[in-house]
Amino acid sequence: MSMDTPGSQSSLHRANLERVLRAVRMAGALTQAEIARSTGLSAATVSNIVRELKESGTVVVADTSSGGRRARSVSLSGDAGIVVGVDFGHSHLRVAVGNLAHRVLAEESEPMNVDVSAEQGFARAESLVERLLKQAGFRPDKVIGVGLGVPGPIDVETGALGSTAILPGWTGIAPGRELSARLGMEVYVDNDANLGALGELVWGAGRGVSDLAYIKVASGVGSGLVINGQIYRGPGGTAGEIGHITLDEAGPVCRCGNRGCLETFVGSRYLLNLLNASHDRELTLSSVVQLAQQGDLGCRRVIADAGRQIGTGVATLCNLLNPRRVILGGDLAEAGELVLSPIRDSVARYAIPSAARQLSIVPGTLGGRAEVLGALALVMSEMGETGALGHTGQAAAARG
């Protein structure tokens, strides 16, 4: 029997190696006991694998303490490779460069007109990536992969942006292929809500939680679901479309063609419309939040009502998926308790009591950086064995 048939010692060992690497990669740093817990491998197996990875220079081991006892903390070595995150937002382009030990080495955001052609958008992204790599002092061949965030659903079959995307000039374009061709690097693509969820899971308010939902309220309402530590996308890539739960069958027509979707009651266009008559200045969602915090009664009312509506959606999510945490992102999250408290009221009213009891509802901690950090985390979660082991010994030689 050849050494690498499935089930052979060697392929089992490689699979275990990959599990340990993945656990460390997603957490940033773990003690050996934590690795054993999260992978289900025995302490002895973990100890052997860590020793092997340390000898090959893939991980570094440092003394730390855990619960008052001495422990050894394992993290990926800083030169195990570089990941790049690119986030195309509604009005900005943000790029970050990080290493596999969860250090962000360079990051920059620049305003970008959303109606700009895809061609121009990709050209700007390409030059910003090149500039930041140079700034961080890395050659392009050190990059293991690029994570790309776009504000709309990606068709799983074609890799193209769906027609409901906020970028009208981009419909039908496959952003991953386009950026990959320009940079000559492997590109992984996802929508902004999934990346926000990954960002908060790995870097922010979701650390240490393996079942959560991230809800982003901006011009639309998106949500990213993490089940058992992994983003759940569904077979067509549209899992988590909480914005299209029907609240009122006779309500306003939504861009998806249905009526009275949650999004039609809490998307920024609807909320700003409610306030235009009573306010003589041009409002944005973030200025509404600011005014509410300064005591503006109309803005407080609109935010509280939006919170109650979002809470109905969260309750449905809670009853179906029973997450441990719901993280609110987007401009509305800046309102803090003004929006969170009404969300909790609705959840208390509509969710199954046992599910509601286990649920915490918190604001994201990463703000506008959630998606770009999620793009870095996307590469870490999606890169295969070659990426994970790509910069160690013979694997590195094989990649040239």
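Predicted model: local features only at pLDDT ≥ 70, side-chain atom pairs only at ≥ 80, totals over all residues.

Reply:

Because Glu382 belongs to helix H13 (residues 370-382) while Arg233 sits in the loop between strand S11 (230-232) and helix H7 (262-266), the pair ties together parts that are 149 residues apart in sequence. Glu382 counts as partly exposed, since its relative accessibility is 37%, and Arg233 also counts as partly exposed, at 25% relative accessibility.

A further salt bridge joins Arg94 to Glu107, and here the closest N and O atoms are 3.9 Å apart. This pair links distant parts of the chain, with Arg94 in strand S5 (residues 92-99) and Glu107 in strand S6 (residues 104-111), 13 residues apart. Arg94 counts as buried because its relative accessibility is 18%, which is under the 20% cut-off for that word, whereas Glu107, at 25%, counts as partly exposed.

Glu18 and Arg25 form another salt bridge through their side chains, at 3.9 Å from N to O. Glu18 has a relative accessibility of 15% and therefore counts as buried, and Arg25, at 1%, counts as buried too.

Salt bridges can also be joined into a network, as they are for Glu119, Glu126, Glu178 and Arg182. As a general point, side chains of opposite charge can pair when their charged atoms come close.

Notes. Residues numbered from 1 in each chain as written. Heavy atoms only, no water. Salt bridge = Lys/Arg side-chain N within 4 Å of Asp/Glu carboxyl O. Buried < 20%, exposed > 50% of the residue type's maximum accessible area, 1.4 Å probe, protein only. Helix = DSSP H or I, 4+ residues; strand = E, 2+ residues; numbered from the N terminus.
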